[in-house]
Amino acid sequence: MTNETTPDRKRQMNTTAAANHTPGPWAIDPKYLSEVQTPDDKTIASCWHAHAEGRTVSITGVLECSPEESAANARLIAAAPDMLAALKAVVMVADRDTDEFALARAAIAKAEAVS
C-alpha cells in the first residue's frame, strides 16, 4: 500500500452523490468576503450581518441551487464546526506524512483562515 493519493482516490474522496450538496471546492469570493462560491462562480451561500431595531442580525442565504441542494448545503454548513473539531482531533493524535493528512491540514488552515 502506498501513501500516494491517486486521481481515482481523489475522485472517490470528492464524491458528493450521496450527500447531494453542491460539489466542491468551495471558496470565499475575494470581492465579497461574505459569499461562498464554486469554481464556476456559482454563489451557494451568502452570510452577512444587518442592524435592525438595535440588534445585529446574522443572515445566511443559499442561492443558485435547487431546494434539495440548498438543504444539503445547509446540512453540510451546519456540520462544519463538528467536522473541523473531529479533523483537528484526528490530526492531533495520528498525523502522518501522507497526502491525505496534508489535505486534512490544508482543510483546517482554510477553515481557520490560516495561510
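Student: What share of the 115 residues of the chain counts as buried?

Tutor: The share is 22%, where buried means under 20% relative accessible area, exposed means over 50%, and partly exposed lies in between, with a 1.4 Å probe and protein chains only. The model is a predicted one, in which local features need pLDDT of at least 70 and side-chain atom pairs count only at pLDDT 80 or more, while totals for chains, interfaces and linings use all residues. Residues are numbered from 1 along each chain as its sequence is written, and side-chain values use heavy atoms, with hydrogens and water left out.

Student: Which elements does the chain have, and in what order do they run?

Tutor: There are three helices and four strands, and from the N terminus the order is α-β-β-β-β-α-α. Helices (H or I, at least four residues) and strands (E, at least two) are DSSP runs, numbered from the N terminus.

Student: Why is Glu-35 called buried?

Tutor: Its relative accessibility is 19%, so Glu-35 counts as buried. Glu-35 lies in strand β2, residues 35-37. Leaving out residues up to four places away in sequence, Glu-35 touches Ala-27, Ile-28, Asp-29, Thr-43, Ala-45 and Ser-46; contact means heavy atoms within 4.5 Å. Cys-47 is 12 residues from Glu-35 in sequence, and their C-alpha atoms are 6.3 Å apart.

Student: What makes Asn-73 buried?

Tutor: Asn-73 has a relative accessible area of 0%, and therefore counts as buried. Asn-73 is placed in helix α2, where Glu-69, Ser-70, Ala-72, Val-91 and Ala-94 are among the other buried residues. Between Asn-73 and Ile-44, the separation is 29 residues in sequence and 8.0 Å in space, C-alpha to C-alpha.

Student: Where does α2 bend, and by how much?

Tutor: The bend is at Ala-80 and comes to about 45 degrees, with the proline Pro-81 following within four residues. The bend at a residue is the angle between axes fitted to the seven residues ending there and the seven starting there.

Student: Which residues make up the largest nonpolar core?

Tutor: The five residues are Val-91, Ala-94, Phe-101, Ala-104 and Ile-108. A nonpolar core is a set of buried Ala, Val, Leu, Ile, Met, Phe, Trp, Tyr and Cys residues joined through side-chain atoms within 4.5 Å. Helices α2 and α3 (99-111) each supply at least two residues of this core, and α3 gives the most, with three. Ile-108 touches Leu-84, Leu-87, Lys-88 and Val-91, residues up to four places away in sequence not being counted.

Student: Why are the buried residues of α3 said to line one face of the helix?

Tutor: The buried residues of α3 are Phe-101, Ala-104, Ile-108 and Ala-109. Seen down the helix axis, they fall within an arc of 135 degrees, so they line one face of α3. The arc is that of the directions from the helix axis to the C-beta atoms. What covers these residues includes α2.

Student: How do you know that the span of α3 agrees with its 13 residues?

Tutor: At 1.5 Å a residue, α3 should span 18 Å, and its end C-alpha atoms are 18 Å apart, so the span agrees. Just after α3, Ala-113 takes a positive phi of about 55 degrees.

How values were computed
The expected span of a helix is 1.5 Å times one less than its number of residues.
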